[in-house]
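Before reading on, take a moment to look over the sequence and the model, and keep both at hand while the paragraphs lead from one part of the chain to the next.

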Amino acid sequence: MAVKNTAQVIIGGKIITLGGYESAEYFQKVASYMNHKLEELGEMPGYSRQPVETKHMLLSLNITDDYFKAKKQAEMFEQDLRQKDQEMYDLKHELISLRMQIEEAQKEQKEALEQRSLLEGKVNELEKEMDELLK
């Protein structure tokens with residue numbers, strides 16, 4: 001069973017204790033992300049004059065926007081991965097098919113060489129017979 005962790009972080013200049021099953025490093029990463037978003041919003045003209053509720057709403061909307069963009073990107077990566085898996089599957093089957101064709105061609109070549117050798121032997125025999133008959 002996972003151990004519950006707590007960590008104190010600073011978000012927006014305030015010390016907050018976060019708790020959960022994630023690591024303290026993860027909590028710091030979350031706090032850093034929140035502070036970055038607060039800085040981004042703070043740079044917007046007029047943001048500092050907004051009521052606290054509006055600031056919280058804008059922060060929530062920005063984080064939600066990031067979430068949906070990241071989710072869409074993850075879905076695109078998953079779709080791309082599925083497509084590449086299918087392409088790799090198709091290429092593997094094509095490779096197997098080509099190997100089978102090569103093996104069949106090699107087998108036919110070997111048989112043709114054996115047949116040629118037999119025929120050359122017969123030609124030599126017939127030439128000897130013909131030479132003997134012509135003498």
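What follows is a walk through a predicted model, starting with the strands and ending with individual residues.

Let us begin with the pairing of strands. Strand 1 and strand 2 run antiparallel, and seven bridges join the two. To see what this pairing looks like residue by residue, find asparagine 5, which stands opposite glycine 20 in strand 2, and then valine 9, which stands opposite isoleucine 16 in strand 2. The two strands form a hairpin with two residues between the strands, and in this hairpin glycine 12 takes a positive phi near 60°.

Which residues make up the largest nonpolar core? There are five in all, namely Ala7, Val9, Ile11, Phe27 and Ala31. Two elements, strand 1 (5-11) and helix 1 (24-42), each give two or more residues to this core, and the largest share, three residues, comes from strand 1. As a general background, in soluble globular proteins nonpolar side chains tend to be buried together. If we set aside its neighbours within four places in sequence, valine 9 is in contact with Lys14, Ile15, Ile16, Leu18, Phe27, Gln28 and Ala31, and this list includes Ile16, the residue that valine 9 stands opposite in strand 2.

Is lysine 37 buried or exposed? Lysine 37 counts as buried because its relative accessible area is 6%, and buried means under 20%.

Glutamate 43 gives a contrasting example, in the loop between helix 1 and helix 2 (52-134). Glutamate 43 counts as exposed because its relative accessibility is 67%, and the cut-off for exposed is over 50%. The C-alpha atoms of glutamate 43 and glutamine 106 are separated by 72 Å, while the two residues are 63 residues apart along the chain.

The last stop is arginine 82, which lies in helix 2. With a relative accessibility of 53%, arginine 82 also counts as exposed. Between the C-alpha atoms of arginine 82 and histidine 93, eleven residues apart along the chain, the separation is 17 Å.

How values were computed:
Residues numbered from 1 in each chain as written. Predicted model: local features only at pLDDT ≥ 70, side-chain atom pairs only at ≥ 80, totals over all residues. Heavy atoms only, no water. Core = buried A, V, L, I, M, F, W, Y, C linked by side-chain atoms within 4.5 Å. Buried < 20%, exposed > 50% of the residue type's maximum accessible area, 1.4 Å probe, protein only. Helix = DSSP H or I, 4+ residues; strand = E, 2+ residues; numbered from the N terminus. Contact = heavy atoms within 4.5 Å. Pairing = 2+ DSSP bridges.
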